[in-house]
Amino acid sequence: HAKIRGRGQTQFFDSSMTRDLVRRREIEDELRAALQRDELSIFFQPIVDLETGRIRTFEALVRWFHPVKGELRPDEFIPVAEETGVIVTLGNWITAQAARVAATWPEDVTLAVNLSPLQIRAPGAALGIRNALKEAGLDPHRLELEVTESLFIEDNHATANFIQELTDIGVKFALDDFGTGYSSLGYINKYPFTKIKVDRSFVSGANVGRKSDAIIRAVAEMGSTLEMEIVAEGLETIDQVQTVRQAGCTLGQGFYFSRAVPDYLAAMLLAQESDGEPMKITG
Ligand code: C2E
Ligand code: MG
Ligand code: MG
Ligand code: MG
């Protein structure tokens with residue numbers, strides 16, 4: 001690009017812009033290399049049935065173990081992956097990898113994968129998911145895609161087509177982090193979500209109280225009327241589990257049950273369960 005731009009034009013970039021570009025370019029290169037070097041891995045966090053304590057789903061959460069910087073959180077590098085477009089390659093890799101692991105679980109355990117808006121709008125996005133499922137031998141009914149409301153800020157045909165095409169083959173959609181974005185009921189009306197995940201800020205944190213309880217209750221009520229499951233995110237204590245159960249949430253996720261763990265530990269949690277030890281849902 002530098003050649004095409006020519007000499008005189010570099011002056012249009014001030015130094016902070018250049019630095020920012022360099023930084024992003026660096027992370028972009030590192031991310032691509034990380035994929036090659038096996039520095040990325042997928043962890044799995046159980047989503048638990050609040051009636052039975054059984055694991056119904058594992059959510060795939062990406063982890064980056066950088067040789068120098070240590071463990072990087074997805075909140076740090078997913079945005080960069082989005083800005084630079086690396087998210088498409090990364091996302092396809094995550095789905096393929098997670099689907100392979102999910103194919104080893106009992107048939108009634110499903111896989112949830114997070115998708116960012118850019119990934120969904122990229123050409124061939126639905127095909128990428130279908131290929132991942134096919135290669136892994138995972139039934140589309142066992143895949144659930146988690147999207148956030150930010151997807152709908154730029155609501156367009158690509159988004160609608162993506163959701164339609166995959167819904168047609170049995171893939172399910174969950175609305176993630178509900179309550180933190182626009183929380184427009186229009187999206188819930190327009191798209192075939194089977195699940196709503198109430199953001200953890202309603203469950204744990206500084207402002208949790210009667211008001212957030214009432215909100216969870218209202219969302220749970222809507223869920224049961226519209227036949228959608230309501231997941232409470234961020235459950236860290238048994239008290240929170242009891243509270244959201246009483247509020248009508250059907251599923252729960254959080255450190256109280258388990259953190260996101262590597263595939264072999266996810267398998268161990270399933271083995272424990274089949275040995276007759278479901279997760280503890282009462283105090
Ligand atoms: P998310 O999809 O809402 O995922 C839930 C996040 O909450 C995870 O953080 C999880 O570790 C954390 N969490 C779960 N239970 C608890 C709890 O009880 N207490 C607390 N404090 N935290 C809890 P994580 O893995 O750092 O991921 C952060 C976000 O990064 C995710 O939010 C998701 O938006 C994004 N992300 C993660 N993996 C992927 C991926 O593979 N693809 C894409 N596009 N985004 C991803
Ligand atoms: Mg999620
Ligand atoms: Mg979430
Ligand atoms: Mg989140």
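**Figure 1. The shell around ligand 1, sorted by residue class.** In this predicted model, the shell around ligand 1 is made up of 10 charged, 8 nonpolar and 6 polar residues. Of these 24 residues, the nearest are R63, R73, N114, E236 and F255. As for where the shell comes from, strand β2 (55–66), helix α3 (74–84) and strand β6 (172–178) each give at least two residues. The largest share belongs to β2, with 4 residues.

**Figure 2. Polar side chains that meet oxygen atoms of ligand 1.** A polar atom in the side chain of N114 is 2.8 Å from an oxygen atom of ligand 1. For E59, an N or O atom of the side chain lies 3.0 Å from a ligand 1 oxygen. E233 also takes part, with a polar side-chain atom 3.5 Å from an oxygen of ligand 1. On its own, ligand 1 exposes 800 Å², and the protein buries 87% of that area. The space that ligand 1 takes up is the largest pocket.

**Figure 3. The magnesium ion (ligand 3) and its donors.** Here D176 (OD), D177 (OD) and E233 (OE) coordinate the magnesium ion (ligand 3) at 1.9 to 2.2 Å. Along the chain, these donors follow the spacing D-D-x55-E. The site brings together distant parts of the chain: D176 belongs to strand β6, while E233 sits 57 residues away in the loop between β8 (229–232) and α10 (238–246).

**Figure 4. Two magnesium ions that share D176.** The magnesium ion (ligand 3) lies 3.9 Å from the magnesium ion (ligand 2). Both ions are coordinated by D176.

Note on methods. Residues numbered from 1 in each chain as written. Chains lettered and ligands numbered in written order. Predicted model: local features only at pLDDT ≥ 70, side-chain atom pairs only at ≥ 80, totals over all residues. Heavy atoms only, no water. Near = heavy atom within 4 Å. Polar contact = N/O pair within 3.5 Å; in protein donor to acceptor, adjacent residues only side chain to side chain. Areas by Shrake-Rupley, 256 points an atom, 1.4 Å probe, with all protein chains shown as cover. 1 Å grid on protein atoms, 1.4 Å probe; cavity = no way out; pocket = protein on both sides within 12 Å on 5 of 7 lines; lining within 4 Å. Sits in = over half its atoms within 2 Å of the grid points. Nonpolar A, V, L, I, M, F, W, Y, C, P; charged D, E, K, R; others polar. Donors = N, O, S within 2.8 Å, 3.2 Å for Na, K, Ca; no water.
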